[in-house]
Amino acid sequence: GFSRAASALYVSQPSLSQAVRALERDLGSELFHRIGRRAVLTEAGRALIEPAREAVRRLETARASVAAVHELREGRLDVASVPSQAVEPLTTLVSAFSHRYPGVSVAIKAAFTSRDVIDMVRTGAVELGLLASAGPFSDKEVVSHALGRQRFVLMVPADGPFADRTAVECRDLAGQRLIVGQPGTGMRVYVDALREQGIEFAVAAETEHRVSLMPLVLAGVGLAVVTDAWRDFARRLGARVLDIEPETTLDIALVSRRGSLSPAAAAFVKAATSAADG
């Protein structure tokens, strides 16, 4: 409703209503259906979302460009990431960026799949995105910056199977109980491909919440195929991490929208790609 919106924007409700009415007159179309105290977007209102976000982004870019004169002492950068890459390399990237530009706040937005990341960058919901893909990534809607590769590994509880082994063959997963991610994720694509090869296993749990993987594995619910972004974290918590042979990898990339970037985003991309090249 307009009252809650006005409160969130720190303006009076009449002022907000008047501003929306003025915009509707200027556009020649109603943007909201007024239903009691509720406001529901019309078709025209939904069509305005993406160009409005782009307009806000351009204004933020202009403001940040001014702040860049003062060496990025303040500002905010929105970054979307799929879960595994939010563990690594995002942790390392944000850590290095924050140490160099402590006044810039990094807001990390959740995305379940690479397609989600691309859409968030393309529509202006975020400025940068971190994703993983099977094979080199390219998309005409965004710009891709390669950051390296991550291999698939098997996360096993300390008292689980494959004791005293550092690696397993993918066929060794036959008959095991696996914890899998939702369709569209890299780890799900990998285990689905195992079945296509005739390697049968039981699905102990399917989770959209990647944060639940570690507790489920440690509780003995099943084993999990993840990327080696999890390796150090898993070992610190007492799980074993085994390489899966033959080696299968995902390409990791930072994506940005086409056109000019804010100084914070440009600095983040430069730092990330320099670290990858180094």
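Reply: Leaving out residues up to four places away in sequence, Phe 268 touches Leu 77, Leu 90, Leu 93, Val 94, Phe 97, Leu 128 and Leu 254, where contact means that heavy atoms lie within 4.5 Å of each other. This is a predicted model, in which local features need pLDDT of at least 70 and side-chain atom pairs count only at pLDDT 80 or more, while totals for chains, interfaces and linings use all residues. Residues are numbered from 1 along each chain as its sequence is written, and side-chain values use heavy atoms, with hydrogens and water left out.

Phe 268 sits in helix α10, residues 263-277; helices (H or I, at least four residues) and strands (E, at least two) are DSSP runs that are numbered from the N terminus. Phe 268 counts as buried because its relative accessibility is 1%, given that buried means under 20% relative accessible area, exposed over 50%, and partly exposed in between, with a 1.4 Å probe and protein chains only. The C-alpha atoms of Phe 268 and Gly 129 are 11 Å apart in space, although 139 residues separate the two in sequence.

Ser 81 belongs to strand β3, residues 75-81, and it is buried, since its relative accessible area is 4%.

Val 226 gives another view of a buried strand residue. Val 226 lies in strand β10, residues 223-227, and has a relative accessible area of 1%, so it is buried. Beyond its neighbours within four places in sequence, Val 226 is in contact with Arg 151, Phe 152, Val 153, Met 155 and Leu 213. Its C-alpha atom is separated by 10 Å from that of Ile 244, which is 18 residues away along the chain.

Charged side chains come next, and here a salt bridge is a side-chain nitrogen of Lys or Arg within 4 Å of a carboxyl oxygen of Asp or Glu. By this rule the count comes to 24 salt bridges. In one of them Arg 257 pairs with Glu 127, and their closest N and O atoms are 3.5 Å apart. This pair links distant parts of the chain, for Arg 257 is in strand β12 (residues 249-257) and Glu 127 is in the loop between α6 and β5 (128-133), 130 residues apart. Arg 257 and Glu 127 are both buried.

Asp 119 and Arg 115 also form a salt bridge, with the closest N and O atoms 2.9 Å apart. Because Asp 119 and Arg 115 are four residues apart in helix α6 (residues 114-122), about one helical turn separates them. Asp 119 is partly exposed at 26% relative accessibility, and Arg 115 is partly exposed at 39%.

A further salt bridge joins the side chains of Asp 251 and Arg 149 at 3.2 Å, N to O. Its two ends belong to distant parts of the chain, Asp 251 in strand β12 and Arg 149 in strand β6 (residues 142-156), 102 residues apart. Asp 251 is buried at 15% relative accessibility, whereas Arg 149 is exposed, with a relative accessible area of 60%. Elsewhere, salt bridges that share partners bring Glu 50, Arg 115, Asp 119, Arg 122 and Glu 141 together in one network.

Strand pairing is another way in which parts of the chain come together. Strands β8 (residues 177-181) and β9 (residues 202-207) pair in the parallel sense over five bridges, where pairing requires that DSSP find at least two bridges between two strands. Within this pair, Arg 177 stands opposite Ala 202 in β9.

Finally, for the chain as a whole, the secondary structure comes to 10 helices and 12 strands. Buried residues make up 42% of its 278 residues, and the C-alpha atoms fill a box of roughly 70 × 45 × 35 Å along the principal axes. Among contacts between residues at least 6 apart in sequence, 72% join residues at least 24 apart.
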